[in-house]
Amino acid sequence: MSLSCRQLLPLLALSSSALAGVQELWWNVTYVQDANPDGLFERRVIGVNGTWPPPPIEVSTTDSLLVHVTNSIDQLTTLHHHGMYFNATSWMDGAMGVSQCGIPPGQTFDYVVPINSSGQVGTYWAHGHANGIYVDGLRTPLLLHSPNETYGADYDAEFTISLSDWYHEEQPVLSAAFINIANPAGAEPIPDSALVYFSQNGSYLAPIPGSNPSPVTSAVGFNENATLPFEPGKTYRLRIINMGAFAAFYFWIDGHQMQIIEADGTDTQEQSVDMLSVAAAQRYSVLVTARNDTSSNWAIHANMDTSMFDTVPSNLNPNITSSITYSTSSNLTNLSPVSSYTTTNDSALVPIDVLPALSPTNTLQLAFNFETMDDGTNHAFINDVVYNSPVVPAIMSALSLGENATSLEAYGPYSFVINYGDVIDLVVQNGDTGKHPFHLHGYKVQIVNRATQYNSSDPSLNPPLIEGQANPMRRDTVAITGGGSVTLRFVANNPGAWIFHCHIEWHLESGLAVQLITAPLQIQEQALGRVPSFMYEQCSAIGVPSSGNAAGHASPTDLSGLPLGPFFQVLGWLPKGIGAMAGCVLTAIIGILTVVWYSAMGGTISEEEIEELVRQRIEEKERKGRFFGLFKKKT
């Protein structure tokens, strides 16, 4: 089933229709020392080919993308092309623990992204998907350009706007402090600052002339040192990407109106907005028409949503300002602050390509929340299960288990096996008070219902799902408000092992994910002769099994050794404690009654009579619903 394919991978990339072209990139993932993009703190980051930020990727939809990723850092790495379908080759998806074991230091993984046969177009991004490494900088825009873009005739030029929160400490240190008994409430690491920077035609825009950027990142303008050059009367497409680990952003431009034309690679009918709310991993394209005069330059605002933070440090500036420049001799107009923030209603967006909602054939209800667990750490859970990466990546279990690959149990308790062609409803219920952006790999989902309070009987807060929707909005990352829910519908037509997870990195690390294994027998059929041998070799190099169930066993049901937990605390009295206390109380009552009988009555009483009297007293207390607060009558 595998190939020795350093020579064959380019042929695979060309194997789709009409022998389309291949855009080939060589990425050496390296550490870059002393990066200081916010001007506040020098730190080590993870970059590409010795530079940071990693170069933007722009690809024609007539081409396939081939990225040779060499790992030159001292930890496992991967590269995930966010939002790509991969056309039943989910072993190229780059999600460590699901689609591969991870690239060991010194080795290379060749990622083939079949863009030319995916039918996809628009704004995406690429990032590391191994132990949170993208928090430290391994992330970049990924743009798919079609020669027949929907709005191609409606704008004169385009820019990409990258947004992200920014930490001064490295991710492993932050993660260790986050999942820690010293943090039982699960307060997420709060960013030290935020970043805004721009790119065009595959290159980053330079800093404003006369600024004094840090030497390591001096080729790129960040925050107040970044500007977009506008010409009067022209219309620009701005592609806005939140590549952060935690914070959502509110984005607006003083003195300019925005027209939404795309969300997460879905072209939409134009919708006018003054402000965008952009959760982690979400993307929007907007059209902005320049003003007709050059008398003023205008502020661009990107404010972090601090309602997501446990606290807001006094030294944190959550509001980042860059600019639009019409003339270098003009002053900057900054109309901030705004009186209130507006959340973008993506359910109201209308896709250009009409896709009616089919009737569902299967519903998966996923209720999630957070809790302090039995080990004292705070973790997330879905349907009472904390996600842990399996020993064997799910795609390798599907490829190696034969007919047993359809066994749900084989993939671990956080998994679902889905039949090919099923129409799936994911009903995702947020028991937490915070906002959570959920991302499904391998698919776009239709947003067919939303509730602001999922457990309410008030239809204005928890409306019923309306079937027969003509063209619901679809995207790959959907934000769920605190206490709310969404119903996400998709057709399971992409065989593979796909992870569905919160795209707040700290929440993924704490267990907020499930696995969906679509059509495992079709995975095996479509994988014949296509899986590269280096996938298995890299697993072997790090001592990870590459076959068997989630725990590495041939039996689909033997999950011994599978990482599980932590588990819920058992609060109150345990059964053994209750039994012991009941025995003590029973003995004490018998002794007291015996003394009372002898002293007051001067007679005798049998042991059987004493026990019967005690039983009567206990039953009376149980009928009242209590026994020293230990017993509760079940109803």
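Which residue in S9 does Val59 stand opposite? In the model, Val59 stands opposite Leu144 in S9. The structure is a predicted model, in which local features need pLDDT of at least 70, side-chain atom pairs count only at pLDDT 80 or more, and totals for chains, interfaces and linings use all residues. Residues are numbered from 1 along each chain as its sequence is written, and side-chain values use heavy atoms, with hydrogens and water left out.

Strands here are DSSP runs (E, at least two residues), as helices are (H or I, at least four residues), and both are numbered from the N terminus. Two strands count as paired if DSSP finds at least two bridges between them. An open sheet of 4 strands with mixed pairing has the order S4-S9-S8-S6. Its edge strands, each pairing on one side only, are strand S4 (57–60) and strand S6 (80–82). On average, neighbouring strands of this sheet are turned by 25° against each other, direction ignored; the axes behind this angle are lines fitted to C-alpha atoms, for helices over the stretch in contact, and angles run from 0 to 180 degrees between N-to-C directions.

A second open sheet is formed by 6 strands in the order S24-S23-S26-S31-S28-S29, again with mixed pairing. Strand S24 (378–382) and strand S29 (474–475) are its edge strands, and each pairs on one side only. Within this sheet, strand S23 (residues 362–372) runs parallel to S26 and is joined to S26 by 7 bridges, with Leu366 opposite Val428 in S26. S26 and S31 run antiparallel and are joined by 7 bridges; here Val427 stands opposite Thr487 in S31. Strand S28 (residues 445–451) and S29 are also antiparallel, joined by 2 bridges, and Val445 stands opposite Arg475 in S29.

Strand S26 (residues 423–430) is largely enclosed by the rest of the structure, because 8 of its 8 residues are buried. Buried means under 20% relative accessible area, exposed means over 50%, and partly exposed lies in between (1.4 Å probe, protein chains only). Both faces of S26 are covered, with Val423, Asp425, Val427 and Gln429 buried on one side and Ile424, Leu426, Val428 and Asn430 buried on the other.

Side chains of opposite charge can pair when their charged atoms come close. A search of the whole structure finds 15 salt bridges, a salt bridge being a side-chain nitrogen of Lys or Arg within 4 Å of a carboxyl oxygen of Asp or Glu. Arg239 takes part in a salt bridge with Glu149, in which the closest N and O atoms are 3.8 Å apart. This pair links distant parts of the chain, 90 residues apart: Arg239 lies in strand S14 (residues 235–242), and Glu149 lies in the loop between strand S9 (139–145) and strand S10 (157–166). Arg239 is buried, with a relative accessible area of 0%, and Glu149 also counts as buried, at 17%. The side chain of Arg239 meets that of Glu158 in a salt bridge as well (2.9 Å, N to O). Here, too, distant parts of the chain are linked, since Glu158 lies in strand S10, 81 residues apart from Arg239 in strand S14. Both Arg239 and Glu158 are buried. Glu262 lies in strand S16 (residues 258–263), so the pair ties together parts that are 25 residues apart in sequence. Arg237 is buried, with a relative accessible area of 3%, and Glu262 is buried, with a value of 0%. Salt bridges that share partners also join Asp264, Arg283, Asp346, Arg450, Arg475 and Asp476 into one network.

The largest pocket holds about 730 Å³ of space, a volume being the space filled by probe spheres set on the points. Its lining has 34 residues, and Tyr85, Gly119, Leu355, Lys444 and Arg474 lie nearest its centre. S14, strand S17 (266–273) and strand S31 (485–491) are the elements that give two or more residues to this lining. The largest share, 3 residues, comes from S31. The second largest pocket has a volume of about 570 Å³, and of its 34 lining residues the closest to the centre are Met96, Ala130, Asn131, Tyr387 and Ser389.

Note on methods
On a 1 Å grid over the protein atoms alone, a cavity is a set of points where a 1.4 Å probe fits but cannot get out, and a pocket is an open set with protein on both sides within 12 Å along at least five of seven lines; lining residues have an atom within 4 Å of a point.
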